[in-house]
Amino acid sequence: MALDLNLVEASPAGLAYICLGGFAVVFSMISLLVKEKLYMNEVLLGTIFGIMVGPHGANIFDPRSWGPATNAITLEVMRIILATGLFAIGVELPGSYMAQHAKGLLVLVVPTMAFGWVVIAGIMHGLFPHLAYISCLAITACLTPTDPIISATIVGGRYALNYVPRNLRQLIAAESAANDGLAYPFLSISIYLTVEASRRVAISKWVLVGWLYEVMLGTVVGAVIGIAFSYLMKLSHRRGYIDRESFVAQYLALALFTTGVASTMGSDDLLAAFACGNAISWDQHFNEVTEDQVFSSVIDLMLNCGCFVYIGAWMPFTAFDNPALGISPARLGGLFLAILALRRIPSVLLLYRWVPEIMTWREALFTGHFGPASSSLLALRGVCQ
């Protein structure tokens with residue numbers, strides 16, 4: 001019996017799997033060449049590939065065509081990618097690193113984030129006067145943290161081991177993880193000042209909800225889960241109940257579990273995932289058992305490949321030119337350059353003498369330059385939406 005081809009339709013999900021999996025397959029075949037010769041990684045190439053196959057390219061993969069659930073899907077995809085990356089950074093840092101380097105991290109994280117938050121919001125308000133300054137603060141709060149996934153390009157791999165000092169690699173990894181969760185207070189104060197009639201009420205909610213409930217409670221919840229599971233896994237390991245592969249599987253399982261607990265409670269799930277990873281490896285037993293296993297790196301690579309192909313296809317390029325709102329490519333380009341130059345570099349150059357891990361102004365310049373490019377894209381997206 002002849003097959004009626006008119007009844008056979010291409011599955012959107014199937015096309016999405018082809019794009020996501022195909023890029024991961026091709027990249028993995030040439031990853032060493034790309035990383036060591038071209039100094040590029042799956043983040044940049046995945047985004048470019050996503051643009052090529054997305055609605056502004058070949059129109060093979062279009063996440064925005066999935067209907068009203070698209071934003072919810074995007075949120076959860078990014079949440080899991082970030083939580084897994086943050087958990088992995090927490091595990092891979094030396095056990096007591098956060099305690100031993102608390103001073104340097106505190107000096108680097110809080111003033112630098114606050115500086116970029118206020119200054120870039122002022123520049124954004126000047127470029128886009130239709131946006132209130134408080135609205136600009138809400139947008140720039142989304143770009144104050146550096147990206148823990150992007151940080152992998154300069155803290156891991158042969159190039160980083162040869163050319164980036166160990167002190168900088170660990171500092172950038174720890175900072176990128178810590179400030180991802182600490183962006184919540186910057187965002188929450190902007191929102192409270194927008195929706196609350198009284199500044200007193202806004203600041204009260206910011207302290208009680210933004211800091212105590214979201215940040216502090218999220219950190220405590222993540223640390224408690226990490227300590228508890230560290231004890232249980234050591235007990236199980238001593239009694240021969242768990243193998244090495246199952247230890248490595250905790251990278252994904254515990255990241256998902258901790259994120260679910262924290263988000264259900266309404267606290268900072270990203271900071272909870274990082275705290276859990278750091279707590280579970282505090283005595284280095286977890287690291288010793290999983291030392292020779294590469295499964296965590298495989299998970300990280302696959303998630304990153306899929307994530308950034310998705311981001312490239314999802315980018316709202318049609319919103320980058322909207323004269324009615326005063327948005328134009330030229331102004332967006334100006335904002336992009338301002339973020340590159342001013343978001344972190346001036347602050348880090350001024351403060352690096354109080355950060356023991358940064359030895360010279362060149363290291364400060366390198367540390368300050370890290371992160372703005374990826375966050376600039378988030379700012380442009382926020383302005384356009």
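Because the model is predicted, local features need pLDDT of at least 70 and side-chain atom pairs count only at pLDDT 80 or more, whereas totals for chains, interfaces and linings use all residues. Residues are numbered from 1 along each chain as its sequence is written, and side-chain values use heavy atoms, with hydrogens and water left out.

**Overall make-up**

- The protein chain holds 19 helices and zero strands, where helices (H or I, at least four residues) and strands (E, at least two) are DSSP runs numbered from the N terminus.
- Of the 385 residues in the protein chain, 46% are buried; buried means under 20% relative accessible area, exposed means over 50%, and partly exposed lies in between (1.4 Å probe, protein chains only).
- The accessible surface of the protein chain is about 18800 Å², and carbon and sulfur atoms account for 68% of it; such areas come from the Shrake-Rupley method with a 1.4 Å probe, and for residues only the protein chains shown count as cover.
- When contacts between residues at least 6 apart in sequence are considered, 78% of them join residues at least 24 apart, a contact being heavy atoms within 4.5 Å.

**Cysteines**

- A disulfide is a covalent bond between the sulfur atoms of two cysteines.
- The count for this model is zero disulfides, taking a disulfide as a pair of cysteine sulfur atoms within 2.5 Å.
- Cys307 is buried, with a relative accessible area of 3%, while Cys142 is partly exposed at 42% relative accessibility.

**Helix H3 and its crossing with H12**

- The axes of helix H3 (residues 70-92) and helix H12 (residues 244-265) come within 9 Å and cross at roughly 115°; axes are lines fitted to C-alpha atoms, for helices over the stretch in contact, and angles run from 0 to 180 degrees between N-to-C directions.
- On the H3 side, the residues that make this contact include Ile80, Ala83, Phe87 and Val91, and on the H12 side they include Tyr251, Leu252, Leu256 and Thr259.
- Thr74 also belongs to helix H3 and counts as buried at 10% relative accessibility; leaving aside neighbours within four places in sequence, Thr74 is in contact with Tyr310 and Trp314.

- Because 14 of its 16 residues are buried, H9 is largely enclosed by the rest of the structure.
- The axes of H9 and helix H13 (residues 269-280) come within 7 Å and cross at roughly 145°.
- This contact is made by Ala174, Ala177, Ala178, Asp180 and Gly181 of H9 together with Leu270, Leu271 and Phe274 of H13.

**Individual residues**

- Lys205 lies in helix H11 (residues 199-238) and is partly exposed at 34% relative accessibility.
- Not counting residues up to four places away in sequence, Lys205 touches Tyr192, Glu196 and Gly210; Lys205 and Tyr192 are 13 residues apart in sequence and 7.4 Å apart in space, C-alpha to C-alpha.
- Most residues other than glycine have a negative phi.
- Asn59, although not a glycine, has a positive phi of about 60°; Asn59 lies in the loop between helix H2 (42-53) and H3 and is partly exposed, with a relative accessible area of 49%.
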